[in-house]
Amino acid sequence: QVQLVESGGGLVQPGGSLRLSCSASGSIFSIMGWYRQASGKQRELVAAITPGGTTNYADSVKGRFTISRDNAKNMVDLQMNSVKPEDTAVYYCNVNARGIMYWGKGTLVTVSS
């Protein structure tokens with residue numbers, strides 16, 4: 001059974017930094033990533049990474065966010081720098097295991113002064 005445990009959300013000031021972590025267990029994972037959903041908006045991809053380290057970022061976070069993973073530990077992190085109020089959202093860990101997508105419960109990130 002696939003389980004995802006997210007951590008690292010919270011309140012951060014504009015221009016600050018925050019790191020999200022997701023620990024996955026229960027399978028072998030291909031693509032791992034982070035999505036976010038702001039109030040009243042659709043869930044969107046933030047960043048994703050393959051087992052080989054190929055990354056994909058939303059245009060809105062390029063140059064500010066960095067995704068990384070530890071294949072041995074089945075962990076995927078999202079380093080968020082230079083955050084903006086528009087980054088405020090619930091962030092969800094997402095993993096693909098044997099063609100099936102799994103979601104974490106989400107962690108709230110609030111960017112506000």
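The legends below describe close-up views of a predicted model.

**View 1. A disulfide joins Cys22 and Cys93.**
A search of the whole structure finds one disulfide, and in this pair, formed by Cys22 and Cys93, the sulfur atoms are 2.1 Å apart. The link connects distant parts of the chain, since Cys22 belongs to strand E3 (residues 18-25) and Cys93 to strand E9 (residues 89-97), 71 residues apart. A disulfide is a covalent bond between the sulfur atoms of two cysteines. The torsion about the S-S bond of Cys22 and Cys93 is about -80 degrees, and the disulfide is therefore left-handed. Both Cys22 and Cys93 are buried.

**View 2. The largest nonpolar core has 29 residues.**
In soluble globular proteins, nonpolar side chains tend to be buried together. Within the largest nonpolar core of this model, the residues with the most contacts are Trp34, Leu78 and Tyr91. Among the elements that give two or more residues to this core are E3, strand E4 (32-37), strand E5 (44-49), strand E8 (75-80) and strand E11 (107-111). E9 gives the most to the core, with five residues.

**View 3. Four strands form an open sheet in the order E1-E3-E8-E7.**
Strands of a sheet pair through backbone hydrogen bonds, either parallel or antiparallel. In the sheet shown here the pairing is antiparallel. Strand E1 (3-7) and E7 stand at the edges, each with a single partner strand, so one side of each is left without a neighbour in the sheet. From one strand to the next, the twist averages 15 degrees.

**View 4. E7 and E8 form a hairpin with four residues between them.**
The two strands, E7 and E8, pair in the antiparallel sense over six bridges, and Asn74 in the turn has a positive phi of about 55 degrees. Facing residues can be followed across the pair, where Arg69 stands opposite Val76 in E8 and Ser68 stands opposite Asp77 in E8. In a regular strand the side chains alternate between the two faces of the sheet.

**View 5. Strand E9 is largely enclosed by the rest of the structure.**
Eight of the nine residues of E9 are buried, and this is why the strand is described as largely enclosed. Six bridges join E9 to E4, with the two strands running antiparallel, and the bridge partner of Trp34 in E9 is Cys93. E9 is also joined to E11, again antiparallel, by three bridges, and here Tyr91 stands opposite Thr107 in E11.

**View 6. E9 and E10 form a hairpin with two residues between them.**
Strand E10 (residues 100-103) runs antiparallel to E9, and four bridges join the two strands. In the turn of this hairpin, Arg98 has a positive phi of about 55 degrees. Asn96, which is found in strand E9, stands opposite Met101 in E10. A polar atom of the Asn96 side chain lies 3.0 Å from the backbone nitrogen of Gly99. Not counting residues up to four places away in sequence, Asn96 touches Ile28, Phe29, Ser30, Ile31 and Met101.

Conventions: Residues are numbered from 1 along each chain as its sequence is written. This is a predicted model: local features need pLDDT of at least 70, side-chain atom pairs count only at pLDDT 80 or more; totals for chains, interfaces and linings use all residues. Side-chain values use heavy atoms; hydrogens and water are left out. A disulfide is a pair of cysteine sulfur atoms within 2.5 Å. Buried means under 20% relative accessible area, exposed over 50%, partly exposed in between (1.4 Å probe, protein chains only). A nonpolar core is a set of buried Ala, Val, Leu, Ile, Met, Phe, Trp, Tyr and Cys residues joined through side-chain atoms within 4.5 Å. Two strands pair if DSSP finds at least two bridges between them. Axes are lines fitted to C-alpha atoms, for helices over the stretch in contact, and angles run from 0 to 180 degrees between N-to-C directions. A polar contact is a pair of N or O atoms within 3.5 Å; within protein, one must be able to donate a hydrogen and the other to accept it, and residues adjacent in sequence count only if both atoms are side-chain atoms. Contact means heavy atoms within 4.5 Å.
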